[in-house]
Amino acid sequence: MLKGKHIILGICGGIAAYKSATLLRLLVKAGAEVQVVITPAGKEFITPVTLSALSGKPVVSEFFSANTGEWHSHVDLGLWADAMVIAPATASSIAKMAHGVADNMLITTYLSAKAPVFVAPAMDLDMMAHPSTVANLELLRSYGCHIIEPAEGELASHLVGKGRMEEPEKIFDVLDDFFTPKDLAGRRVLITAGPTRERIDPVRYISNYSSGKMGYAIALEAARRGADVTLVSGPVSIGIDHPRVRVVSVESAREMLDASMAAWPESDVAVMCAAVADYAPASAADSKIKREHQDVPVLHLVKNPDIAATLGQCKRPGQILVGFALETDHEIDNAAEKIRRKGLDAIVLNSLRDAGAGFGVDTNKVTIIAADGTSTPYPLKPKAAVAADIIDYITTKN
Ligand code: C5P
């Protein structure tokens, strides 16, 4: 979402300035054009050489270039920007911004900026808690600045408290989120993800290799786009951190069915991404099946419920149900049959033939097949980009 965006990165004189290099790197990697503006004190903490190398642009700090006398126009910069982010923002710069004390290039740029301004404070806990800082931040909020609250933790002073600049990744996420269209705002999305575990005894189970990465990527993308997401997840080793994602952790297909059915009536969209085990032991042993004193045990299996099909049977008009399929042959025909049998609106066909697609990896190559038979192929992409394609498909085709 930050591709091609013009971002001013303002850096003030605080220890956290070393983290600004990481933030700059993340922004540039995402395709943003970044102009660094640094206060004179900021240069004591991180060198302009590092920052200009990372941004690919000379760093602006003074009103004039000492060598050429060239005038740096804070007005032009302020108009050029799509967003300005000040990270770290020190108590002194926050005070100057709040009261219009335009004595350096960063503050004049801030006063000229027409774009949204994000402020990531960084200071010692007592400075942060001081009534003048609290009041200045409140003033900035009232002027429309977005304050990225500092985190609690160990500070440069070795004291522990609130004042650590938020991590660059989090600041990046705030900016990225700001520029992400919220085309799913007010919609509820249910997603199943990961494998299920079917218990044999207290220490053994039947499962599969699903990592949950694809489902988690779809959950995150839907939430980024404004949806309230219920993520019904089998046991996975990954996590998700978004305020609009509610994770319901389950183990077996039965539990996944119950959790999904509980959320489905309230949902507008469901994406069935889980690799549900097809069979489960007819009954689980209460205690560990011993290897000694026993013949080779025979596992009696029963068919698991089909969660997607069960949701499909009670689908209301207007609800959208999307499934996944992993086929090795007659892919299109099998997918079409699955759409009919499960009452789906579309199915995302995973390829097992292509290197880089399928279980565990970070990329995927999919074809989306609609109920009317039209198929839309996509190239191999990172799972986050595949998730965006799937959400785009759902929002544009329905
Ligand atoms: O029938 P198959 O397993 O190929 O179907 C895959 C699709 O159905 C996926 O969307 C998967 O999440 C869903 N499914 C399910 N419950 C099952 C089996 C599959 O929801 N028991």
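Me: How many disulfides does the structure hold?
Reply: This is a predicted model, in which local features need pLDDT of at least 70 and side-chain atom pairs count only at pLDDT 80 or more, while totals for chains, interfaces and linings use all residues. Residues are numbered from 1 along each chain as its sequence is written, and side-chain values use heavy atoms, with hydrogens and water left out. With a disulfide taken as a pair of cysteine sulfur atoms within 2.5 Å, the number of disulfides in the structure is zero.

Me: Which residue places a polar side-chain atom 2.4 Å from an oxygen atom of the ligand?
Reply: A polar contact is a pair of N or O atoms within 3.5 Å; within protein, one must be able to donate a hydrogen and the other to accept it, and residues adjacent in sequence count only if both atoms are side-chain atoms. Through backbone atoms, Met272 lies 2.6 Å from a ligand oxygen and Ala308 lies 2.8 Å from one. The polar side-chain atom at 2.4 Å belongs to Lys338.
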